[in-house]
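Open your viewer and get ready to click along.

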Amino acid sequence: MGEEIEKKVFRGRIKVPYKHTSGAYVEKFITYIGKNHKIMGVKCPKCNKVFIPPKMICFECFEKMEEWVEVGNIGTITGFTVITHSTPVLPLEPPFAYARIRLEGADTDFVHLIKESDPSKLKIGMKVEAVFKEKPRKRILDIEYFQPI
Amino acid sequence: MPKNDVAVVGIGQTKFRSKRRDVNIPEMIYEAAKMALDDAKIEPKDIDAIIIGNMDHFEGINFSELWCGIDAAPGYLKPVVKVATGGTTGSSLAICGYYNVASGIYNKVLVIGWEKLNEGGATTGIITAFDPVWERPSLAGALGPLALMANTYAAKYGITPEQAAKVTVKNRSNAANNPFAHLQMPNITVDYVMSSQMISYPLRLHDCCPQSEGACAIIYANEEETKKVTDNPAWIQSVATAHYYTFGTDTIMFDLPSAAIASKEAYRKAGIKDPVKDLDVAEIYEPTSWSELSWTESLGFCKSGEGGKILDEGITQMGGELPVNPSGGVLSTNPIGATALVRVAEAAIQVMGRGGKRQVPDVEKALSMGFGGSLWTEILILGKEPKR
Amino acid sequence: MSKRKDKEKVFEIKWKTDLPYRYSIGKLAVKFFEELKNNKKILGSKCPKCGKVHFPPRGVCADCLVEMTLDDMVDLSPRGTLAGFTVVNYPFVDPNTGGMRPFPYGYAIFKLDGADTYTMHFLDEIDHTKMRVGQRVEAVFKEERQGNIDDIPYFRIIKEEE
Amino acid sequence: MDKVAIVGVAQTKYEAEKIDQTYMELVFEVVKKLHNDLGITNDDVGSVITSSNDFNDGRTIANMAIQDAVGTVGKSESRVSGDGAFAYVYAAMRILSGEYDTVMVVSHCKCSEVNQYLVNNTIFDPYYQRHLGLDQISSAGLMANMYMTKYGFTEEQAANVVVKNRKNALNNPYAHLRKEVTLDEVLNSPMMAYPLKELEFPPFSDGAVAMLLTNKELASKFTDNPVWLKGYANCTDAYYLGHRTMTDLIGLELAAKEAYKMAGINDPVKNLDVAEVYDAFSVHELMSYEALGFCNKGEGGKFLDSGETQMGGNIPVNPSGGVLSSNPTMANGLIRLAEVALQIMGKAGKRQIADSKLGLANGMNGICSQGNCVLIFGGE
């Protein structure tokens, strides 16, 4: 049967090595994680919210944000899931958890990984701490995952 | 007649360059969006809807409007819709924005076209636009087919490389007067173009448009809102689109059938009998120097084969009867998702008399053209007076 | 083609997109590649209403909005007339492989005898002075064919004296 | 608001894979069906708006592949790169502008040609989210867990959405999955993204849908019961998952309020006769009940249990079987509109809700209801 299918289709691909200019905000955030093991947010001059991850515009006020604020490496889980389906772009072997985390000093949540495969071990409100990668590779995974404490 | 007359009341453009090393995609788009909002003196929260687009596989961002509409434009808790049709993306965005207001559903709409071409690459992205089985293996982006057609055109009408080179000379010297243009070459000569590296015979490097990064934004308003913010808008007098076959190769690209069809419809709707007489300026979409020669013919500016003649006679030069591309055109600036919207913006700038050193004197009616896909053309005609 | 002037380090985030697709080619293309592989034949599709012969073959005649089926497939000559030509001579990443496509290569648009649409494909010549609109071209078939587009690696220019 | 009518709809059968059809042939099938059902030719169509996605079709300018099938040689076509419902809105605007008397809308999608997890992963930005490997499944799990924890309701209530929709699909000849599932089958299907199990996610389908829109004057030429647009709104929530209130569908809620105001609806459960809601996963339909104002916040589960959204209830939701039964992703929104139109035209066959006068349909773009449009349709 496979032979028949192969006749009916063309196996093509879209394979492109993209290089995305980071801009100042991404550069500072990723660099501080890699070099100083610190997590930096930006504060909106109008609504005073500290955004994690940081970006130029506060989308609620459409204001440019320039004030940097260091937030804690510890935060609380505001939501989580444990996935079991595997895809070619997963950073860890499933099952593992994704969590929404509110870092101390931040006013928005931030999604990252938790190396936990049993959902009963995770609870909203739990404290977690960032674990940084030894050799940073200039990407969000320079925080390797968050560890319940 | 449309329910509501629609005018361009605000324009924003970034300084187009080969590589914007200083900003990421939303930050680049924000520059143009903010400039348009300030230009129109409209508060971000008063924008009713955002129409935004680029070509997906150039930067590899799926649903890019949902990221950029929120982080680069005032789209939070508002409608954000993406329209993307290849090279015509900019004009398709402009036409979609026009209907958003003409229908009466929205009063003030922000339209944004953008591209950060060097994050992925134009040729690579364009190849993915064509049929995976029949066309992609041999296709070399847009320049390959454009070169094929230039030879067809040359053989048919005896057009010479020198005539083509004069288009680049005209447009890139025009671009010297346009602060936003990517390539500005005030003292460019035919020899300079003719001695540049052969890219794809007969196209030399300077017969071809650059890869640019940048964004363009315009703001539309209906009659009532327009009066509140400006007494010098550019009214949309007609829009027209002509698509064609799926396979770009079904017809010959030079003498562009869709340009003939779309321009005739746009002229009819805007009451234009003879484009060279009735139009005051034209911003057309010329990916190569040869394209402008042939497609001015398809747009009805002259008879077939005479594109070179009207250039040599100075008709399409600054100071001629119908200046073409005072902005420098696509040969000077090509951020593909924004390119056709820059044509609309520059046509509006000419109608508003805000062209500075590139201003054509007393413009009443201006044409803007988008080209893309498999030989599609879109036309918008802007004017000082509303349609009615 | 932009010059790498000041190559100061730009902070970039890299992402290698690699999306494999299983494109359906349609019944007519399946037949086309079968005939190409087994009998070195080139088939087009003819509209039952207006008679327009399409190459490559496809399921719809756009002019009449009428379906074309296997019964509408017609033989086409492997020869045609050159309508346009070029030599692609610039570097670019080929999205099919993620690597650079080798260049220069000859590239042509031609209409096969019996077809009403043009087609683009590789040409065996890379010296543009040897190419002229109007020249006759001919498909070159591989001896070992797999039933895909590479079975015709390129078209060749038929020299006048032939 | 001026008048624009849906006068005819056409759908293909939705199925796991249409391997013998190219995109051109798939779209041609539904366009030909629409023309034949309405007895029209291409000349009756003023312009065309299509909807497709370049990542899903593996082709930049995905609408180029279907040009030959929509009859726009030398005519106007444009493409909304998103869910088909948003393409309907653009088409309606072309009619309402007075420049076109008839506009055809077409949306197609083949999920069978590419890994859908990969396609959805590319929706996330390359700086902060994409390297995490997020996709529509993990995001749904995150949302479902937060919602169920906040309002404290049970996996059974979520699973019952699947049971309802899959039962409805039996009456829909176009539906992809036309086999009932029991509550236990859903609860025992393998966990995919806690707390959501495999059967709580939609299948991946291939298919296409088309409809013809006309202005007031021409509507009666095509049908005796045109379906008029009574209300419309479109609202986009924040982009980053962490910046959104994921326990409530804020974007959908605001869009619904505005659409209701335009249509003069103050009590949706009483005023509406039918709703085709974008059920991207089980819990999503319950959250939609609340966002659409069918019930109070946190009472989605209770509202389902009350039977109000069953076929016999006051506001039947997804008589077509919804996305949970047929999921050609980019066409889902336009299918919702088409199904509401069939209900109001009285052409919904075995899934017809008796004398449906007023119906709601919604479209969605992006991850977990970031982009939302709500449309209200009526018979008069």
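Predicted model: local features only at pLDDT ≥ 70, side-chain atom pairs only at ≥ 80, totals over all residues.

Now widen the view. B:I112 belongs to the largest nonpolar core, which has 384 residues. Among those with the most contacts inside this core are also B:I29, B:A348, D:V27 and D:A341. Next, select residues 336-352 of chain B: this is helix α15, which gives the most to the core, with 12 residues. Colour domain 1 (6-122 + 211-229) and domain 2 (134-210 + 234-383) of chain B; both give residues to the core, so the core lies between them. For a second, separate core of 5 residues, pick D:Y14, D:A169, D:Y174 and D:A175, which are among its members.

Back in chain B, show helix α7 (residues 161-175) and helix α12 (residues 289-298). Their axes are 7 Å apart and meet at an angle of about 100°, which makes α7(B) roughly perpendicular to α12(B). To see the contact, select residues including B:A164 and B:V167 on α7(B), and B:W290 and B:L293 on α12(B).

Finally, show chains B and D together. Their contact takes 50 residues from chain B and 46 residues from chain D. On the chain D side, α4(D) gives the most, with 5 residues. By class, that side has 17 nonpolar, 19 polar and 10 charged residues.

Key: Residues numbered from 1 in each chain as written. Chains lettered and ligands numbered in written order. Contact = placed C-beta atoms within 7 Å. Helix = DSSP H or I, 4+ residues; strand = E, 2+ residues; numbered from the N terminus. Nonpolar A, V, L, I, M, F, W, Y, C, P; charged D, E, K, R; others polar. Core = buried A, V, L, I, M, F, W, Y, C linked by C-beta atoms within 7 Å. Buried ≥ 20, exposed ≤ 12 C-beta atoms within 10 Å, placed from the backbone. Domains from an automatic or database assignment. Axes fitted to C-alpha atoms, helices over the stretch in contact; angles between N-to-C directions. Parallel < 35°, antiparallel > 145°, perpendicular 65-115°, else oblique.
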